[in-house]
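Here are a few exercises to work through with the model open in your viewer. Try each one before you read its solution.

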Amino acid sequence: MTSAQTRHLTQLGPQKRTSLVGLTRAGVDTSVTEQKRRRAYRRFRMLMCGLCAAAGLVYPANAQNAQPLDQRFLLGIGTHQGLGGVTSARGYVPATAVKQMKELGFTSFRDDFPWSDFELPGKQLGFNALNGRLETQIRSGVGIPLLILGTGHHLVPNSDPPTTDEARQRFVTYAAAAAQAVANRQPIFELWNEYNLRARAEPLFTVENYVTLARLVQPAVKQAVPSAPFVVGALGDDPGWKWTDALLKTDLLRVADGMSIHIYNHCLSPAGRTAAEAIERLQNLHQRVAQATGNPDYPIYLTETGWPTPNAKCGVTEQLAADNMAQIILWASTAGPWLKGIWLYELKDSGTKPGDLEDNFGIYHFDNSPKPAVCSVRESWAFIRTSLKAARTAPVPGVVQIRSESGSETKVALWSENPSKRFEVRLRNAESNAEIGYVCQQAPASAAGAWMALSTTPLLVSVKGSAVPDFEIRRSN
């Protein structure tokens with residue numbers, strides 16, 4: 001029951017009493033009027049009691065049905081099974097990728113579903129040898145597939161992007177057939193990949209062309225898979241949010257089921273190559289979308305984020321990449337229902353050149369040996385995935401604290417937002433049943449209440465029972 005409905009019903013009694021007084025003064029039989037008044041009042045009380053009882057059930061029902069994080073949020077990883085044909089030059093093999101994703105606990109993966117491989121000459125639509133690796137990974141059931149519908153077709157004029165009626169209709173036909181081919185796998189569909197980046201140099205990549213295509217594709221995909229979210233945007237870096245704001249001024253988000261974005265900061269100054277900067281930008285998009293739609297819970301998908309580890313100007317260390325991924329996973333538990341998922345980029349390095357950015361985004365090396373990120377992703381996700389509710393605070397400037405509840409257990413994660421700032425932390429109230437450790441490291445054995453180092457590697461604390469851990473924090477440099 002809304003507050004307006006409550007006010008209306010509460011005001012009903014006095015209004016009836018006022019009107020009855022007026023009738024009595026006019027000479028109406030007061031005994032009959034009194035009986036009507038009592039019956040009306042009884043009905044009113046019964047209605048109010050029923051509504052109050054129903055309202056009283058709302059909170060316990062919601063609390064009882066509270067979902068853990070991994071049932072309301074997707075942690076995904078980018079893969080490249082859909083590109084490259086029968087054998088991947090990037091080294092992607094479905095059996096290996098599936099095994100890795102299972103071990104890390106990912107609940108989704110994102111991959112390309114290219115038009116030019118799905119529609120063969122003669123308008124033959126369907127899986128074939130060119131996209132067989134993608135089909136194998138989808139059929140494995142390793143996670144919910146988030147599939148990119150996009151790229152032009154070499155046999156279709158004006159298709160990159162589609163700008164004519166014929167090209168658009170051919171794209172719609174492909175999208176519908178592609179959706180139908182994976183209908184039983186709970187797919188999510190994303191229209192194009194970083195369309196706005198192409199707009200910087202190619203005049204046909206306009207907001208208007210994107211919206212026109214999306215409005216044609218959406219009903220075709222929905223007819224094939226009514227339950228599948230249709231996500232638009234796939235926004236690459238957009239300084240000043242110019243392309244984004246132009247898109248938000250259209251009515252496209254009324255048609256779509258969500259908006260997606262890619263966030264990278266590895267080429268910023270070293271102080272900006274952090275999870276904190278990525279989170280701030282994601283929250284900025286959330287505010288813009290909420291304002292444009294009037295819906296603070298409008299779905300947003302972070303379909304690419306990551307930190308490459310080359311020996312190059314824009315690279316970060318493997319440990320900092322691992323720390324950033326752990327931080328953004330832990331923070332996700334606090335974001336609220338608007339954030340539907342995060343897809344890290346990518347599962348493995350796509351090449352072997354040590355100084356090449358694109359070759360070094362993986363959480364595994366090209367040869368599938370693990371980087372530190374493998375452990376940090378696995379452990380941070382295992383730590384937070386059962387969270388029923390969580391909150392982010394800043395106990396001191398520069399330190400993030402995530403406090404979550406998972407049934408009878410309280411969990412706390414702490415870290416420094418800036419790699420150049422270090423702190424020390426200790427538990428004020430020593431708990432005998434507290435488990436303390438850094439992501440992928442055991443905390444050094446120390447006496448109760450001793451100070452522990454706090455850096456960008458999150459410190460994880462779990463306490464069973466009703467005890468609430470309390471911390472003291474100080475700068476150490």
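**Exercise 1.** Find which residues touch the most other members of the largest nonpolar core.

Solution. Start with the core itself: it has 98 residues, and Phe189 and Ile363 are the ones touching the most other members. A nonpolar core here is a set of buried Ala, Val, Leu, Ile, Met, Phe, Trp, Tyr and Cys residues joined through side-chain atoms within 4.5 Å, with buried meaning under 20% relative accessible area (1.4 Å probe, protein chains only). Next, check the domains: at least three residues come from each of domain 1 (69-387) and domain 2 (392-475), bounds taken from an automatic or database domain assignment. Then look for what lies apart from this core: another one, of 16 residues, including Phe423 and Met452.

Before going on, note that this is a predicted model, so local features need pLDDT of at least 70 and side-chain atom pairs pLDDT 80 or more, while totals for chains, interfaces and linings use all residues. Residues are numbered from 1 along each chain as its sequence is written, and side-chain values use heavy atoms, leaving out hydrogens and water.

**Exercise 2.** Is His286 buried or exposed?

Solution. First locate His286: it sits in helix H11 (residues 275-293), a DSSP run of H or I with at least four residues. Its relative accessibility is 16%, so His286 counts as buried. Now list its contacts (heavy atoms within 4.5 Å): leaving aside residues up to four places away in sequence, His286 touches Pro296, Ile300 and Trp338. Finally, a polar side-chain atom of His286 is 2.8 Å from the backbone oxygen of Pro296.

Terms used
Buried means under 20% relative accessible area, exposed over 50%, partly exposed in between (1.4 Å probe, protein chains only). Helices (H or I, at least four residues) and strands (E, at least two) are DSSP runs, numbered from the N terminus. A polar contact is a pair of N or O atoms within 3.5 Å; within protein, one must be able to donate a hydrogen and the other to accept it, and residues adjacent in sequence count only if both atoms are side-chain atoms.
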